[in-house]
Amino acid sequence: MKKRILALTLACFCLIAVLAGCGSGETSDPGGETGTSPTAGAPPVAGGGGDIKGYFASSPETVDPQLNSSVDGATYIVHLFQGLYRFDWTDGSVELGDAESVDISADGLTWTFTLRSDIKWSDGEPVTAYDYEYSWKRLVDPASGAPYAEDCGLFILNGEEVTLGDVPVDELGVKALDERTFEVKLSGPCAFFEQVAVFPTFYPVRKDIVEANGDGWWTNAATFVSNGPFKAESFQMDDKLVVVPNDNYYDVGRVVPTSISFVFLADEDIAYTAFRSGEIDIGAPAPASEIPSLERDGAFHLIAELGTYYLSYNTEVAPYDNPLVRKALSLAIDREYLADSVFESTMLVATSIVGEGFIDENGNDFRTAGGDYISRDYEANKIAAQEALAEAGFPGGEGFPVIEYMYNTSARHEAAAEAIARDWEDVLGIRTVLVNQEWGVFLETRRVGGFEVARNGWISDWNDPSSMLTIFRSGGGNNDGNYSNPLFDQYFNESASSSDQAVRMRALHNAEKVLMEDWGCAPLMYYIQSFMASPDLQGWSAVPLGYTLLHLAHK
Amino acid sequence: MISFTIKRFFGAVLTLFIVCTLTFFLMNIVPGGPFLSEKTSQQTLDRMNEKYGLDLPIHEQYINYMNRLLHGDLGISYKRQGFTVNEIIAEKFPVSAKLGIIAVIWSIFSGVILGTAAAMNRNKLLDRAIMFISTIGISVPGFILGTLLIYLFAEMLGWVSATDALGSPKQYILPVITLSMQSMSYIARLIRSTILDVIDSDFIKTAKAKGVSRIRIIYKHIMRNALIPLVTYVGPMTAFIITGGFYVERIFNIPGLGDYFVRSVETRDYPLIMGLTIFLALLVIVVNFIVDILYRVVDPRIKLQ
């Protein structure tokens, strides 16, 4: 019961967080229409919402929950499947889904889920705890090659050992006690486990279907069996995925669209053309160059996203091993110009690494509680930057080597790089060489630390600040700049080993403070999701993790 | 003829082998990999590489690949999970080929007619108009023409759909025009200049003096001679149009091979890069073979060796 209240509270605050994120969007984007979605008019009848056509990407790599790693794939999955938890269709907050209740042991390590009695697959078979056991083991099993195996597995007892192949998959801490009871043993206390379990990789698949048809089972509507609000009607690679309400879904009475066509298009420019000619009702992202015209027609929407665009410094190379140098470079950048001019208000100014929209133990915004580490007063920042550089031994940029700034090839990143280089030249008197690499090459270069300063970005997987801060653990796989501070690690581990949200949040605030006072990276902007949506389309919404929800959409 | 075919066959096998080997090693030299992404941990990467045999030494990977290739198996796509490369080619090539063949036929047909009309009206208004259009056609790149056509006919006028690629016959019009504009213009100019070369030659004068009809002179004497440079051009052009519609497919959202080719390189989908390269090399070889045969049909003096 306590758990339910917590879930409900979290749900409420998720909503607040979403709205808060959008509120900030409004300030930086006076003309832009903001909000979770247009408010629905008269509530339409189930299945009477018409055929909704949406664009979110080109043909997906997969729509298999365990094998997916993309945001567009996750959008399709949250329509076709459902996990123990689901995203509330009106605001994207987390609520119970296939589980009707959860019982958490006193030490916080064992979560026992009782499944609803009325959940069925689209072919009418009941959804059981055995399906969950199979699917979660499949996720972590090295033989599956699931991209999220480690990230998701490490929460579960023996998960990490299984992914490494040290322990057989049968010893993973998940077990179906009977048809309706699913027991999960965690590797450590995880107070925000519902935020993790709602992640689409944890949604179940059917063993008999997967085993009979292999990894391609989802490519054929005939073998596409799912347990979500919708079921697949047809799938055509490079064309579209059409889904219709799943009659076997317990809550189908609330599902509004008659059908949804997820149209696969090569890029957002084509999507824009399609949007203009009425061939899609909603699309994300909106092409930045068309924002003014979309705004004019009331078709432009911004929704918060939990992610940050930042710069990595190679902290093992001089002079970037000096926190004062990192401070100077970070403060010299005009973030407002980047967000508003270069990115045409499709980004928000960042004041720290953890963005807006993360909720803390009181349901408040983590960022608001933690305050700004980078002032919004650019003039003051410039002076502080010059002082820091002088203190580091390079007054007026004298004797400072030429910076090599690396980014992946893209017009937008290039424009950002040019603006940053100009700031460094004007404010600090430092020259910069811009180097761009094709995406695949860039990823590899950045990973092996072959850069001085590099563009970076991170979109969070779950609504918890640790999902951002985990990047900067010593030796972490995504810690491209090799930032390392034992104090940061100590605080981070403290947060990971506690089940008390208040203790955790305090530790995460401390960890962030250490990182930001070390100037371990230069956060520049927070991501926002931009949408083009027909003013006629009502009832849609989005999760700050990047998934669009069309369950209640209608025209 | 038989010895020519045999020679060509072994030449083709050798060419394919070289193409395979070069592509395989070049592809692996390029930094990055199919499973690298912003978020993959080293563990994940190792595990994925192991699943697909990419953890083996490069020469072993090469031997494994060639071994599978000899059995006609191009492997599975890393980025289109659940599909084999053979399936992707079988599904996507007909789309590219159909569009490409229509574009080839259209560029030859309209190019020859325009070129002949221009030559027959040398220095008159029609000639100048055709030459003006064909100059523009050669110099405007397809991606600009395509974007312009989409803007005009899909976005502004709404006559065709921007997304429903090739869904109905009229959806073919814009991509075919875009794809064939350059070659049509080139053929028109080629035909015009060849005809003008021939038209002043002695045998045409003789034919005219004998009272041979104008149509017969054009068809029997002039066109026959004008065809040789045309065949030379049409061979590579066909291979280029069928396989080279990369940007056109992207602009018109056509689910053909061209777009896959670009994407496979971007995403380091190794089996797909290999499969498509081999397939396209094979296509060029076959087209060139047909062109050689056609030379002999057009001009019996040419010997195939």
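Two strands are taken to pair if DSSP finds at least two bridges between them. Helices (H or I, at least four residues) and strands (E, at least two) are DSSP runs, numbered from the N terminus. The model described here is predicted: local features need pLDDT of at least 70, side-chain atom pairs count only at pLDDT 80 or more, and totals for chains, interfaces and linings use all residues. Residues are numbered from 1 along each chain as its sequence is written, while chains are lettered from A and ligands numbered from 1 in the order in which they are written.

In chain A, an open sheet is formed by 4 strands in the order 5-6-8-7, with antiparallel pairing. The edges of this sheet are strand 5 (99-104) and strand 7 (174-178) of chain A; each has a single partner strand, so one side of each is left without a neighbour in the sheet. From one strand to the next, the twist averages 20°. Strand 7 of chain A is joined to strand 8 (residues 181-185) of chain A over 4 bridges in the antiparallel sense. Within this pairing, Asp178(A) has Thr181(A) of strand 8 as its bridge partner. Helix 3 (residues 129-140) of chain A lies across strand 6 (110-115), strand 7 and strand 8 of chain A, and its direction makes an angle of about 170° with strand 7 of chain A. For such angles, axes are lines fitted to C-alpha atoms, for helices over the stretch in contact, and values run from 0 to 180 degrees between N-to-C directions.

Strand 13 (residues 300-313) of chain A is largely enclosed by the rest of the structure, because 14 of its 14 residues are buried. A residue is buried if 20 or more other C-beta atoms lie within 10 Å of its own, exposed if 12 or fewer, and partly exposed in between, with C-beta atoms placed from the backbone. Phe300(A), Leu302(A), Ala304(A), Leu306(A), Thr308(A), Tyr310(A) and Ser312(A) point one way from strand 13 of chain A, whereas His301(A), Ile303(A), Glu305(A), Gly307(A), Tyr309(A), Leu311(A) and Tyr313(A) point the other way. Strand 13 of chain A pairs with strand 18 (residues 521-533) of chain A in the antiparallel sense over 10 bridges, and Leu311(A) stands opposite Ala522(A) of strand 18. Strand 13 of chain A also runs antiparallel to strand 17 (residues 453-459) of chain A, to which 7 bridges join it. Here Tyr313(A) has Val453(A) as its bridge partner.

Chain B contains 12 helices and 0 strands. Its C-alpha atoms fill a box of roughly 85 × 60 × 30 Å along the principal axes. Of the 305 residues in chain B, 35% are buried. Residues are in contact if their C-beta atoms, placed from the backbone, lie within 7 Å. Among contacts in chain B between residues at least 6 apart in sequence, 72% join residues at least 24 apart. Helix 4 (residues 85-120) of chain B includes Phe93(B), which counts as buried because it has 20 C-beta neighbours inside 10 Å. The C-alpha atoms of Phe93(B) and Ile187(B), 94 residues apart along the chain, are separated by 26 Å.

Between the chains, 31 residues of chain B are in contact with 33 residues of chain A. On the chain B side, helix 2 (42-51) and helix 6 (142-156) are the elements that give two or more residues. Helix 2 of chain B provides the largest share, 6 residues.

Definitions and conventions: Contact = placed C-beta atoms within 7 Å.
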